[in-house]
Protein chains: 2
Amino acid sequence: MSQTIDLSPLLAELDPDQVVIDPDRVQGYRWDRAEDPAAGTPAVVVRAGSTADVQVAMRFAAAHRMPVVPRGAGSGLSGGASAVEGCMVISTERMRELAIDPSTRTAVVGPGLMNAEVKAAASEHGLWYPPDPSSYEFCSIGGNIATNAGGLCCVKYGVTTDYVLGLTVVLADGSVVRLGGPRVKDVAGLPLTKLFVGSEGTLGIVTEIVLRLLPKQRRAATLVATFADLDAAIGTVLDITARMRPSMLELMDATTIGAVEDDLRMGLDREAAAMLVIQSDEPAGTAAEEIEQIGALCESRGASEVVSTDDPDEGAMFVTARRAALVSLEKQGRLLLEDVGVPLPRLGDLLAGIADIAAARDVTIAVVAHAGDGNTHPTLVLDPSDPAMAERAQQAYGEIIELTLSLGGTISGEHGIGRLKRPWLADQLGEDVMALNRKIKEALDPFGILNPGAGI
Amino acid sequence: MSQTIDLSPLLAELDPDQVVIDPDRVQGYRWDRAEDPAAGTPAVVVRAGSTADVQVAMRFAAAHRMPVVPRGAGSGLSGGASAVEGCMVISTERMRELAIDPSTRTAVVGPGLMNAEVKAAASEHGLWYPPDPSSYEFCSIGGNIATNAGGLCCVKYGVTTDYVLGLTVVLADGSVVRLGGPRVKDVAGLPLTKLFVGSEGTLGIVTEIVLRLLPKQRRAATLVATFADLDAAIGTVLDITARMRPSMLELMDATTIGAVEDDLRMGLDREAAAMLVIQSDEPAGTAAEEIEQIGALCESRGASEVVSTDDPDEGAMFVTARRAALVSLEKQGRLLLEDVGVPLPRLGDLLAGIADIAAARDVTIAVVAHAGDGNTHPTLVLDPSDPAMAERAQQAYGEIIELTLSLGGTISGEHGIGRLKRPWLADQLGEDVMALNRKIKEALDPFGILNPGAGI
């Protein structure tokens, strides 16, 4: 398909350095972090600098019915930004506008900024942008919008959509809409801002974002508890969530603990079945009090060790162990990462079932979880030189999804469906909801050129 | 139109007591609290008891291309539930399912429950449903979903959409979809749950709702400050929001203070230009500390009186003055209620402009405001026996909207567009966003039978 489209009109309309057709450079835009082996090669990459540039590119693509893959930082884990053969990749990496307004506690940002850059800019004004995916230093805010990204603080502070007040979006026909704005309450018309958050580039390309900010987070108190018994750790999670709102409530299983300890030598307990990392950011005395209550809950469930601190540096070190999990696991083999979530009371069933699947398929499955919201990342660790293991892992991957659905769960809590999870989407949503998704998609993108094969 | 449709198949399929065709009883379903003089008379009212009943009614209406007006408690202030001539009203008042699950901190509720009933049921489990429209004792949770209702605590705790995890919706063709569920994080498919919250019954009829609950709110400390100067009060609001997150930040102007004092004789200061009612629900000592800091800010802006209390009963009394505002104003005349919002730094310009409009049109305009989120309720107080005043008031109503739009604001912060605000919707959204709204509407309701004339 790519060979048949004459790109010269596009080259004439955009700055030459915005349009990449060099085959070597184009390779760099084929994959995201999911490394989809089925990724195609783009015919052209547009590194847009403005909303107007995106409009030019979209109009060209629409005129030629050319598939368009929107791309942020390429840190996606579900293949939502992997290229389609002969497509146009529209990269927003250069759209790095940034303006903070302390008086409205809002930020206007370009999609190409990293999540960490938004956090840092807010922080200079004594403000805070809460959503904190583990990848916050190398994931873009545009990508966060596309997937409705979550993170560690979501258990108390919600996910990306809760902080999006307005969006500028280029639609499939190249027209542009400005939705919402710096107003906390606004119910005029359908809630379209929300419709685009989590739509994975299937309905339009976000070129500007108005974010709601909070006053700076208070210093958190931190607790780490290890358990010889996984069920005891999960029971503790439920004890906590039923009555308190910690600002972090994370779980690592034995395999993950081992991988982090191999990597970082922090003195973690390799004998533990599970470790909880918990923070409270309540005001000074109250945080310590809440952490103390949580410590008592851990002990009453038989925790083997409970350590707490209100020293931020020491607390950050504990959190480092959790944040390092994926990177440490990557050093053990090729990863196949899940992102399944269940209603909290089913968390134990999910983890027990995953252990059964790991045993039956003879694959290592490490589990890290945003336990407080039932969102887990079972991570299959593969020996890249063992094709038979890769096949067993693929089977296990599907079985984890089926298990999740049988427990009333979701196949993606925060990473998105992308291209990797799409085969299972209808199993979760059912045909009527799939039909509703398609109606919306067809209304906004009648030629199906926006991120085909991804999301919905 | 109504005369030509044979209702007997509908009567045969539903319980007789669910179908109201008696002309006297039908009258009770013509208006909501906006008392739209243009309201028509329904041909039939279906008081559905279940999702299946709503499906039967919708299928009948779809087959006959009959307009359908969904109705909750009829407490709407924008005419979103006022009847269309010859329509079918589908009332959800009898759908009062209620189940609380403390372990997931969720509630499954029928749309017919009052907001206050959901709050009370949550409270029995030590839990809290935050959204608190002033009408919480007589507005239904289904109506709250339809308008994405706000309230007083939203300045800290967000609006209805922030608490909706799942919806069961009957679509325009009578099919039913279950969206989301009791999972805090779920990004599978388009974010359709969010699309229905605030859609004012134009896309489907919500028959079941999964709500997220929080642990019980802490006892709040309360502060009331009066100001001889309105600008000083507004300046104080901005001082507070730039650095703190009070759980309530309300403003009443002199006219409102006078009306409440006339009604309740609470000893309010009739000389004041404005009164702020502020709460902090931070943990014990911290709330008192925050209220003290807020008190200092009020005094530095020249407040004439600052009274604070951490006694809940005394605090509730102060809040009563604010909550009574609308009812007290109703005793002064017929009301025409606005719901306009602006970015916070423009709040002073909005209130100054409203005062100018009141003077120019010689009408009384009382202002109560959820000041902390820039959402205001300028309330025109009319002498029902003076038709000339009614005409001037209508002009003033339109001028307030135009003023709001010139300040980058919204014509509705929390009440919805309904039928009353629809003439101004395109002025706010612009033609491109209107077209996008219509595309979605047409995709989901191709015959335009769902709440025609309302919302979008």
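**Entry 1**

I began inside chain A, where 12 residues of domain 2 are in contact with 10 residues of domain 4; I count contact as heavy atoms within 4.5 Å. This is a predicted model, so local features need pLDDT of at least 70 and side-chain atom pairs count only at pLDDT 80 or more, while totals for chains, interfaces and linings use all residues. Residues are numbered from 1 along each chain as its sequence is written, chains are lettered from A and ligands numbered from 1 in the order in which they are written, and side-chain values use heavy atoms, with hydrogens and water left out.

For the bounds I went to the domain assignment of chain A, which gives domain 1 (2-91), domain 2 (98-215), domain 3 (218-327) and domain 4 (333-442); such bounds come from an automatic or database assignment. I found the C-alpha centres of domains 2 and 4 of chain A 27 Å apart.

How much area is buried between domain 2 and domain 4 of chain A? I noted about 750 Å², with carbon and sulfur atoms giving 51% of that. Buried area here is the accessible area (1.4 Å probe) that two parts lose on being put together, summed over both. On the domain 2 side I have 6 nonpolar, 5 polar and 1 charged residues. My classes put Ala, Val, Leu, Ile, Met, Phe, Trp, Tyr, Cys and Pro under nonpolar, Asp, Glu, Lys and Arg under charged, and the others, Gly among them, under polar.

Between these two domains of chain A the rule finds 0 salt bridges, a salt bridge being a side-chain nitrogen of Lys or Arg within 4 Å of a carboxyl oxygen of Asp or Glu.

**Entry 1**

**Entry 2: chain B against chain A**

Next I turned to the two chains, where 82 residues of chain B are in contact with 82 residues of chain A. The buried area is about 5800 Å², and carbon and sulfur atoms give 64% of it. In chain B, the residues losing the most area to chain A are B:Lys185, B:Val187 and B:Leu190, together 15% of what that side buries.

Which residue of chain A forms a salt bridge with B:Lys185? My note says A:Glu414, with the closest N and O atoms 3.0 Å apart.

**Entry 3: how the copies relate**

I laid chain B on chain A with an RMSD of 0.0 Å, using a turn of 180 degrees and a shift of 0.0 Å along the axis. That is the relation of a two-fold axis. The superposition was by least squares on the C-alpha atoms of residues with pLDDT of at least 70 in both. I also saw that 99% of the interface residues of chain B are interface residues in chain A too, so the copies meet through the same surface.
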